[in-house]
Amino acid sequence: MKKFFFFILIFLLPQNIYAKTNIAFLDVKFIIDNSNLGVFYGEKLKKIENKNTPILKEKQSLLKDKEIEINNQKNILKPEQIELKVKELNSLINDYKLIRSKFNQEISLKKKEYTDKILSILNPILTNYVEKNNIDLVLEKKNILVGIKTLDITKELLDIFNAETQKLEIINDK
């Protein structure tokens with residue numbers, strides 16, 4: 001009986017287990033937005049937006065003018081004529097929405113393409129960094145509630161990423 005009690009006591013006693021796990025966190029969005037390559041791609045996106053903005057503003061202006069014209073002529077024109085003008089305005093509005101949607105889709109596709117390019121370069125760099133520094137787990141910073149700054153490897157990886165992209169001369173491609 002004493003042996004049985006002793007045996008149960010040993011297994012039921014709380015045991016402290018100490019494990020050393022190297023954990024780090026990384027802000028991927030910061031690297032995408034602030035790396036030399038990310039800034040380069042951001043400027044390309046700005047050029048696309050700047051190219052499309054005047055076209056959209058011109059269409060908006062035309063729509064506003066048409067709307068004002070219809071409102072001014074409401075009391076003068078016959079209901080059939082007003083209805084025709086409203087249909088014409090609705091057609092112009094639909095064209096504007098289609099063009100704006102097309103421009104937004106173009107920017108979204110370019111942004112995704114650029115992000116994929118950056119991530120395809122960043123992934124091997126991150127893998128190599130993790131292996132070199134014996135890091136067991138890397139978490140994305142947006143999923144971290146609280147953490148000490150020494151676990152943040154974003155700045156180090158940003159420097160490595162910038163050096164690597166400069167070596168590859170990716171920024172010079174068109």
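A: Let us start with Asn162, which has its place in helix α5, the helix formed by residues 154-168. Please keep in mind throughout that this is a predicted model.

Q: Is Asn162 buried or exposed?

A: The general idea is to compare the relative accessible area with a cut-off, and a residue counts as buried under 20%. Asn162 has a relative accessible area of 14%, and so it is buried.

Q: Which residues does Asn162 touch, leaving aside those up to four places away in sequence?

A: With those close sequence neighbours set aside, Asn162 touches Ser35 and Asn36. Asn36 belongs to helix α3, which covers residues 36-73.

Q: How do helix α3 and helix α4 pack against each other?

A: Helix α3 and helix α4, the latter made of residues 79-132, pack at an angle of about 175°, and their axes are 10 Å apart. The two helices are therefore roughly antiparallel to each other. Sorted by class, the residues in this contact are 20 nonpolar, four polar and 14 charged.

Q: Which residues could I look at in these two helices, and how accessible are they?

A: In helix α3 you can find Thr53, which is partly exposed, with a relative accessible area of 32%. The C-alpha atom of Thr53 is separated by 9.2 Å from that of Phe103, although the two residues are 50 apart along the chain. In helix α4 you can find Asn90, which counts as partly exposed at 39% relative accessibility. Asn90 and Glu67 are 23 residues apart in sequence, and their C-alpha atoms are 9.9 Å apart in space.

Q: What should I look for in the loops, for instance at Asn134?

A: In a loop one can check the backbone angles as well as the accessibility. Asn134 is found in the loop between α4 and β2, and its phi is near 50°, a positive value in a residue other than glycine. At 54% relative accessibility, Asn134 counts as exposed.

Q: Where does Leu151 lie, and what does it touch?

A: Leu151 lies in the loop between β2 and α5, and with a relative accessible area of 30% it is partly exposed. Setting aside residues up to four places away in sequence, Leu151 touches Ile23, Ala24 and Phe25. The C-alpha atoms of Leu151 and Val138 are separated by 9.4 Å, and these two residues are 13 apart along the chain.

Q: How do I step back and describe the whole protein?

A: One begins with the order of the elements and then turns to the totals. The protein has five helices and two strands, which follow the pattern α-β-α-α-α-β-α along the sequence. Of its 174 residues, 24% count as buried, and the accessible surface comes to about 13,600 Å², with 57% of that belonging to carbon and sulfur atoms. Among contacts between residues at least 6 apart in sequence, 87% join residues at least 24 apart.

Q: Which elements have the lowest and the highest mean pLDDT?

A: Where pLDDT is low, the predicted coordinates should not be read in detail. Among the elements of this protein, helix α1 (residues 2-12) has the lowest mean pLDDT, 61, while helix α2 (residues 28-34) has the highest, 90. The protein as a whole averages a pLDDT of 82, and 84% of the residues score at least 70.

Key:
Residues are numbered from 1 along each chain as its sequence is written. This is a predicted model: local features need pLDDT of at least 70, side-chain atom pairs count only at pLDDT 80 or more; totals for chains, interfaces and linings use all residues. Side-chain values use heavy atoms; hydrogens and water are left out. Helices (H or I, at least four residues) and strands (E, at least two) are DSSP runs, numbered from the N terminus. Buried means under 20% relative accessible area, exposed over 50%, partly exposed in between (1.4 Å probe, protein chains only). Contact means heavy atoms within 4.5 Å. Accessible areas come from the Shrake-Rupley method with a 1.4 Å probe; for residues, only the protein chains shown count as cover. Axes are lines fitted to C-alpha atoms, for helices over the stretch in contact, and angles run from 0 to 180 degrees between N-to-C directions. Angles under 35 degrees count as roughly parallel, over 145 as roughly antiparallel, 65 to 115 as roughly perpendicular and the rest as oblique. Ala, Val, Leu, Ile, Met, Phe, Trp, Tyr, Cys and Pro count as nonpolar, Asp, Glu, Lys and Arg as charged, and the others, Gly among them, as polar. pLDDT is the predictor's confidence in each residue, from 0 to 100.
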